Amino acid sequence: MSDSYDVVVVGAGPAGLSAALNLARARRRILVLDGNRPRHAATLRSHGFLTRDGIAPLDLRRMGREEVAAYTNAEVQFASVQSIEATADGFHVVAQGVRGEPDRDVVTRTVIVASGLTETLPKVANLRAFYGTDLHSCVECDGYEKADAPLALIGETTDLAEWAILIAQWSSDLIVFTNGTDTVTGPEEAALASAGIRVERGAIAELDGGRDGFTGVRLADGALIPRSGGFVRPQWAAPLGYLEQLSLDRDTDGYVVVDAWGRTSVPGVYAAGDITPPGPQQLIVAAGNGARVSRALNRDLAGVPS
């Protein structure tokens, strides 16, 4: 344990990098560790980030890493954190290097958890072939590009009706596919029908399309329903096994419970981005969240109220 830091940031997405950038500028010694498995790896373009509308999320992450690493008091490394343990005066962090980078064994005064979420897509065999290009999971990010097109909403969760109502502000031609699950109630289906939204409860055999893109949904009974794009409702999970020894408070969805400034139930541990309620966020929201958390952390280290 030869390395010592003021802050170790776990995760190099917009939240983690934004926090690291601001803390580096506050002259804190920073180490950012990232397992290089971003949730949005399949997304070709991200929208709604001021001055970066349409940027590839992976390019945004690369640019962020370069900006943080340009500060002499900050390091950014690809490494998967294996454990974080409380010590008498901070935390002991152990990480396994990825992409040929070395393992790390360090101590730090504070930790920011910004490792994001994993997602499980609906059980449709070839869905990933169109995910991130024609089918998306962020309505606010990609709704504009789907305006007035015949859309599908594919999901197996109980909030599909809410998603459908939101999507309908971009297109009046929307069909909800529950893939054989009973996740849209009768009253919800009636309300959707009154809004011109159809619910298709049949199981999905596969999605139709090819190199030119997604063209429709083929049901298990052989029926083909033409569509040109749409949205997928994944199920999200917070993979926080490396934090087991800290026993952070989490809500019923598994997100890390924080106060208004990102402080967790364990003093010295902060959390930012998708890992906190309400979950998945636009990139610009996550970045702003990271900046806010960095302000609180820096003031806490200085002994000044936020």
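**Close-up views of a predicted model**

**View 1. Helix α6 and its cover.** The elements that cover the buried residues of α6 include β1 (3–10), α1 (14–25), α2 (57–69), β5 (104–113) and β16 (269–271). This is a predicted model, in which local features need pLDDT of at least 70 and side-chain atom pairs count only at pLDDT 80 or more, while totals for chains, interfaces and linings use all residues. Residues are numbered from 1 along each chain as its sequence is written, and side-chain values use heavy atoms, with hydrogens and water left out. Helices (H or I, at least four residues) and strands (E, at least two) are DSSP runs, numbered from the N terminus. Helix α6 spans residues 283–302, 20 residues in total. From first C-alpha to last, α6 reaches 29 Å, close to the 28 Å expected at 1.5 Å a residue. That expected span is 1.5 Å times one less than the number of residues. Which residues of α6 are buried? They are L283, A286, A287, G290, V293, S294, A296, L297 and L301. Buried means under 20% relative accessible area, exposed over 50%, and partly exposed in between (1.4 Å probe, protein chains only). An α-helix has 3.6 residues a turn, so residues three or four places apart point the same way. Just after α6, G303 takes a positive phi of about 75°.

**View 2. Charges over rings.** A charge sits over a ring if NZ of Lys or CZ of Arg is within 6 Å of the ring centre and within 35 degrees of the ring normal. The charged end of R292 sits over the ring of W261, 3.9 Å from its centre. R29 lies over the face of Y5, at 4.3 Å from the ring centre.

**View 3. Strand β9 and V176.** Strand β9 covers residues 174–177 and includes V176. Both faces of β9 are covered. L174 and V176 are buried on one side, I175 and F177 on the other. In a regular strand the side chains alternate between the two faces of the sheet. V176 counts as buried because its relative accessible area is 0%. What does V176 contact, leaving aside its neighbours within four places in sequence? Its contacts are L153, L160, A164, L192, I197, R198, V199 and E200. Contact means heavy atoms within 4.5 Å.

**View 4. The five-stranded sheet.** This open sheet has the strand order β7-β14-β8-β9-β10, with parallel pairing. Its edge strands are β7 and β10 (198–200), and each pairs on one side only. Two strands pair if DSSP finds at least two bridges between them. Five bridges join strand β8 (residues 151–155) to strand β14 (residues 229–233), and the two run parallel. Four bridges join β8 to β9, also running parallel. A152 has G230 as its bridge partner in β14. In β9, A152 stands opposite I175.

**View 5. Aromatic pairs.** How many aromatic pairs does a search of the whole structure find? It finds two. Rings of Phe, Tyr and Trp (its six-membered ring) pair if their centres lie within 6.5 Å; planes under 30 degrees apart count as stacked, over 60 as edge-to-face and the rest as tilted. F130 and F214 form a tilted pair, 5.7 Å centre to centre with 55° between the planes. This pair links distant parts of the chain, 84 residues apart. F130 is in the loop between β6 (118–120) and β7 (135–136), and F214 is in strand β12 (residues 213–219). F130 counts as buried because its relative accessibility is 5%. F214 is buried too, at 4%. W163 and W236 form a tilted pair, 6.4 Å centre to centre with 35° between the planes. Here too the pair links distant parts of the chain: W163 in helix α4 (residues 160–167) and W236 in strand β15 (residues 235–237), 73 residues apart. Both W163 and W236 are buried.

**View 6. The disulfide.** The structure holds one disulfide. A disulfide is a pair of cysteine sulfur atoms within 2.5 Å. C138 is joined to C141, with S to S at 2.2 Å. The torsion about their S-S bond is about 65°, so the disulfide is right-handed. Both C138 and C141 are buried.
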